[in-house]
2 protein chains.
Amino acid sequence: MRVEHDRAPALSGASALTNVASERVRRVRRLAKRSARSETGRLLVEGPQACREAALAGLVVDLYLTADAAHAHPEIAAATDESGGHIHEASAEYVRAISTDAQGFVAVAGDPWSGWTVARSLDRLVRLAAVFEQIRDPGNAGTAIRSADAAGADLVVFADQSVDPAAPKVVRSSAGSYFHLPVVRAGMIEEAVAPLRRAGLEVLAADGAADLALGAAVLERPAVWLFGNEVRGLSAAALAAADRSIRIEIHGRAESLNVAMAATLCLYASIGQLRAD
Amino acid sequence: MRVEHDRAPALSGASALTNVASERVRRVRRLAKRSARSETGRLLVEGPQACREAALAGLVVDLYLTADAAHAHPEIAAATDESGGHIHEASAEYVRAISTDAQGFVAVAGDPWSGWTVARSLDRLVRLAAVFEQIRDPGNAGTAIRSADAAGADLVVFADQSVDPAAPKVVRSSAGSYFHLPVVRAGMIEEAVAPLRRAGLEVLAADGAADLALGAAVLERPAVWLFGNEVRGLSAAALAAADRSIRIEIHGRAESLNVAMAATLCLYASIGQLRAD
């Protein structure tokens, strides 16, 4: 279906997909599994916000949406069509059969970071990067990607048994930021850090036990921040790999901050000083 | 069961609760509903972290835990016992029947903020407060309470059709911070703001469309920050009620920040300047 610019493709209704037991539903739903994503290099994208950003990035291969959803957000089908993606009107039951978190929109999209490594991401200028070690909660992970994007980071790395950043809930929780900056996987922390150190970045560990407080830290050099697991914090190997450890001040009685909050504060503190150059 | 100080009460195993169909399970589980919480002034507290903080605050009336959970975190039963709460060993199935998010621990606790208003919270000194207007996601709401606590805020207000801050998922997502600082409800935004303005606080609206950037804002006066709905932002009434509107700089391509992230950045920016007095 090709339409003129700036117009959302019209949906007929007559040909809407309805067979929830179809082979197609089964095939799309398989992308919720990591193995299927690895095999195909494709993602399952859920919800209007993430589908919009995937479509604007020209990555949507197949968009499934209800007539109501198409009416509410015509720009998503328009952007999909613009970049040659296929648009499939479907019943609400059909879209829900693919994902209960669809809110009327699911897409199969190419994963822009499939097969990327930290080294490859250094083909572009990286002045601010975030490495997460063993981040496990998909919602936290997606929020952290969104914050890294907002803070102007150039790279996000998920190291050492972190959740798969291409998992549907991570992509959805990132509100589409997954499509805005490289989000790559690494093995153990040193594998993530070594190329960044060679590229001249200072390695900063976010560590609640550090002497140096974030509010007192000079952060004028390009840097990579290391953030640890939600419960255990950073590993000894990560702390040893860092040039400096920095803690976020806890003023009240909370024991710590959520890892996505910590990343937001640290990355914004860095960008504030980097931009002030 | 009373024991000496610093010793966790011993669990016998023999008398563990196992009847998942019991009236007791039904009664405890009812506290997941707002109406039951309002009637009783009690909360349903899920998971070790929130149960620990409720117990340390002396608020636990009944603690239900498995033998394994008791062994892993003996301090929770000890603190419950210390303040006169009842400890009930229960089977894993029993605890799960009360809440699937229990991780071995659920408690019935007094709600420390039941019946509190903004005006009443001003009996204590309030230098930094956060008002959320129509915050809807329980996970965001809990994370925001945790961040407000960490940032040293003195008060959190949930106004105008926000999620109930006493809902189990909010309390759990707050990692126990719900028990650390007053978390009160208000009606429309002006009802929340008026007493705080009379108490001398500057009213600051977090608004992505504002001219003044957070990094450039002077924040030396005690202040109340207003944060809006996840999708729509602040209402016109809230923007009109504010002395100043301030935006968080978006350096990358993200459209906005999650409301809990925005609150974290704004409250930390304020406390940094308030503490520098």
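**Group meeting: a predicted two-chain model**

I start with a strand pair in chain B: strand S2 (residues 60-65) and strand S4 (residues 105-110) run antiparallel and are joined by 5 bridges. Strands pair here if DSSP finds at least two bridges between them. The strands (E, at least two residues) and the helices (H or I, at least four residues) are DSSP runs, numbered from the N terminus. Within this pair, Tyr64(B) has Val106(B) of S4(B) opposite.

Before going on, a word on the source. This is a predicted model, in which local features need pLDDT of at least 70 and side-chain atom pairs count only at pLDDT 80 or more, while totals for chains, interfaces and linings use all residues. Residues are numbered from 1 along each chain as its sequence is written, and chains are lettered from A and ligands numbered from 1 in the order in which they are written.

Back to the sheet in chain B. S2(B) and S4(B) belong to an open sheet of 4 strands, in the order S1-S4-S2-S3, with mixed pairing. Strand S1 (42-46) and strand S3 (86-89) of chain B are at the edges with a single partner strand each, so one side of each has no neighbour in the sheet. On average, neighbouring strands of this sheet are turned by 15° against each other, direction ignored. For such angles, axes are lines fitted to C-alpha atoms, for helices over the stretch in contact, and the values run from 0 to 180 degrees between N-to-C directions.

Two helices lie across this sheet. Helix H3 (residues 48-56) of chain B lies across S1, S2 and S4 of chain B and runs at about 35° to S4(B). Helix H5 (residues 74-82) of chain B lies across S2, S3 and S4 of chain B, at about 150° to S2(B). Contact means that the C-beta atoms of two residues, placed from the backbone, lie within 7 Å.

Now chain A. Its 4 strands in the order S1-S4-S2-S3 also form an open sheet with mixed pairing. In the antiparallel pair of S2(A) and S4(A), with 5 bridges, Val60(A) has Ala109(A) as its bridge partner.

How is chain A divided into domains? The assignment gives domain 1 (23-110) and domain 2 (118-275); such bounds come from an automatic or database domain assignment. The C-alpha centres of the two domains of chain A lie 29 Å apart. On the domain 1 side, 17 residues are in contact with 8 residues of domain 2 of chain A. Helix H2 (34-40), strand S1 (42-46) and helix H3 (48-56) of chain A are the elements that give two or more residues to that side of domain 1. H3(A) gives the most, with 5 residues. By class, that side of domain 1 has 8 nonpolar, 3 polar and 6 charged residues. Ala, Val, Leu, Ile, Met, Phe, Trp, Tyr, Cys and Pro count as nonpolar, Asp, Glu, Lys and Arg as charged, and the others, Gly among them, as polar. H3(A) also lies across S1, S2 and S4 of chain A, at about 35° to S4(A).

Further along chain A, strand S6 (residues 155-159) and strand S7 (residues 183-186) pair in the parallel sense over 4 bridges. Ala159(A) stands opposite Ala186(A) in S7(A). With helix H9 (residues 168-173) of chain A, S6(A) and S7(A) make a right-handed β-α-β unit. Right-handed means that, with the strands pointing away from the viewer, the path from the first strand over the helix to the second runs clockwise.

Last, how the chains meet. The contact takes 27 residues from chain B and 28 residues from chain A. On the chain B side, helix H8 (138-150) and helix H12 (259-275) each supply at least two residues. That side of chain B has 12 nonpolar, 12 polar and 3 charged residues. Of the interface residues of chain B, 100% are also interface residues in chain A, so the copies meet through the same surface.
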